[in-house]
Amino acid sequence: MNRLLPVMIGVALLGSAQGRTLAEIKKAGVIRIGTNAEFKPFTYFEGLSMRGFEYDLGNAVASQLGVRAQWSSQPFDNLLISLNGDRFDLVISSHGITPERQKAVDFSTPHYCSGGVIVSRPGGPKTAAQLKGKTVATQVGTTYVGQIARVVGTKNVRTFPNNADALQALRAGRVDAMVNERFYSLEALKTAKGKLQQGDLLFQEKLGMAVAKGNSSLLKAVNGALKTVQGNGTYAKISKSYFGQDIRCR
Ligand code: ARG
């Protein structure tokens, strides 16, 4: 792995843009939302249409703000950089709220709580202890990378631009395990029809929506909208339709 990469990303993330204000967004009538739409059931494509829990929730937030949502999909590790480069107003892509990311962007109150789980082929590792000495796949730029490295060491982490590639590497036997989002993994298990198994939850995190650093008018409006949809049944309805349960933080 390129050791300078995290430093370079860190510097790029610290762009100075503070983004369009709420008033500017309202005047335009459109909020630009960035996501990595290969993360079923959070944001994903079904044919040409985007769908998912975060897609529906983002649209509900936009409608609370009185604007239309305009979505674009990008590689996950570009999203926060694009946000600070003013290509989006809001990023909704299951970002774990970490102190490191908080240096670069501002996060909403968490829009759900979840964590990273171990997935392997039947007979493969299911616990953190069993991961020792094994190679583990995940998506580049995610919180999973650091969490896996803590268990198996950096040299045993294999990062992939897309989750689908990480999953494919696991199914093909090129890695011993994958660590990924709990609900994403459940979805992957369904598709694998017994060829993969779920192991332990490796860690828990709070996931938030991101605005450019210092965009306080938008942040306040997003937090207000989230509170409203969590209070009026909209959030629960959306969450249940994708997960069969309400996944808000408790
Ligand atoms: N929760 C993880 C993180 O914060 C992974 C999120 C990946 N999201 C995605 N849309 N691919 O880094």
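**Helix packing in a predicted model**

Helix 3 (residues 53–65) packs against helix 10 (residues 216–231) at an angle of about 110°, and their axes are 9 Å apart. Helix 3 is therefore roughly perpendicular to helix 10. Angles of 65 to 115 degrees count as roughly perpendicular, those under 35 as roughly parallel, those over 145 as roughly antiparallel, and the rest as oblique. The axes are lines fitted to C-alpha atoms, for helices over the stretch in contact, and the angles run from 0 to 180 degrees between N-to-C directions. Helices here are DSSP runs (H or I) of at least four residues, strands are runs (E) of at least two, and both are numbered from the N terminus.

The structure is a predicted model, in which local features need pLDDT of at least 70 and side-chain atom pairs count only at pLDDT 80 or more, while totals for chains, interfaces and linings use all residues. Residues are numbered from 1 along each chain as its sequence is written, and side-chain values use heavy atoms, with hydrogens and water left out.

The crossing of helix 3 and helix 10 is right-handed. A crossing is right-handed if the near helix is turned clockwise from the far one by less than a right angle, and left-handed if anticlockwise. On the helix 3 side, Leu 57, Ala 60, Val 61, Gln 64 and Leu 65 meet Leu 218, Ala 221, Val 222, Ala 225, Leu 226, Thr 228 and Val 229 of helix 10. Contact means heavy atoms within 4.5 Å. Sorted by class, this contact of helix 3 with helix 10 has 10 nonpolar, 2 polar and no charged residues. Ala, Val, Leu, Ile, Met, Phe, Trp, Tyr, Cys and Pro count as nonpolar, Asp, Glu, Lys and Arg as charged, and the others, Gly among them, as polar.

Helix 3 also packs against helix 11 (residues 234–243), at an angle of about 165° and with the axes 9 Å apart. That angle makes helix 3 roughly antiparallel to helix 11. This crossing of helix 3 and helix 11 is right-handed. Phe 53, Asp 56, Leu 57 and Ala 60 of helix 3 meet Thr 234, Tyr 235, Ile 238, Ser 239, Tyr 242 and Phe 243 of helix 11. The contact of helix 3 with helix 11 has 7 nonpolar, 2 polar and 1 charged residues.

Thr 234 lies in helix 11. Leaving out residues up to four places away in sequence, Thr 234 touches Ala 60 and Val 229. Thr 234 and Ala 60 are 174 residues apart along the chain, and their C-alpha atoms are separated by 7.8 Å. Is Thr 234 exposed, partly exposed or buried? Thr 234 counts as partly exposed because its relative accessibility is 27%. Buried means under 20% relative accessible area, exposed over 50%, and partly exposed in between (1.4 Å probe, protein chains only).

A further pair is helix 8 and helix 9 (residues 182–192), which pack at an angle of about 50° with their axes 12 Å apart. Helix 8 is therefore oblique to helix 9. Their contact is made by Asn 163, Ala 164, Leu 167 and Arg 171 of helix 8 and by Tyr 184, Ala 188, Thr 191 and Ala 192 of helix 9. These residues divide into 5 nonpolar, 2 polar and 1 charged.

Asn 163 belongs to helix 8 (residues 163–171). Asn 163 has a relative accessible area of 0%, so it is buried. Apart from neighbours within four places in sequence, Asn 163 is in contact with Asn 36, Glu 38, Phe 39, Gln 139, Asn 180 and Tyr 184.
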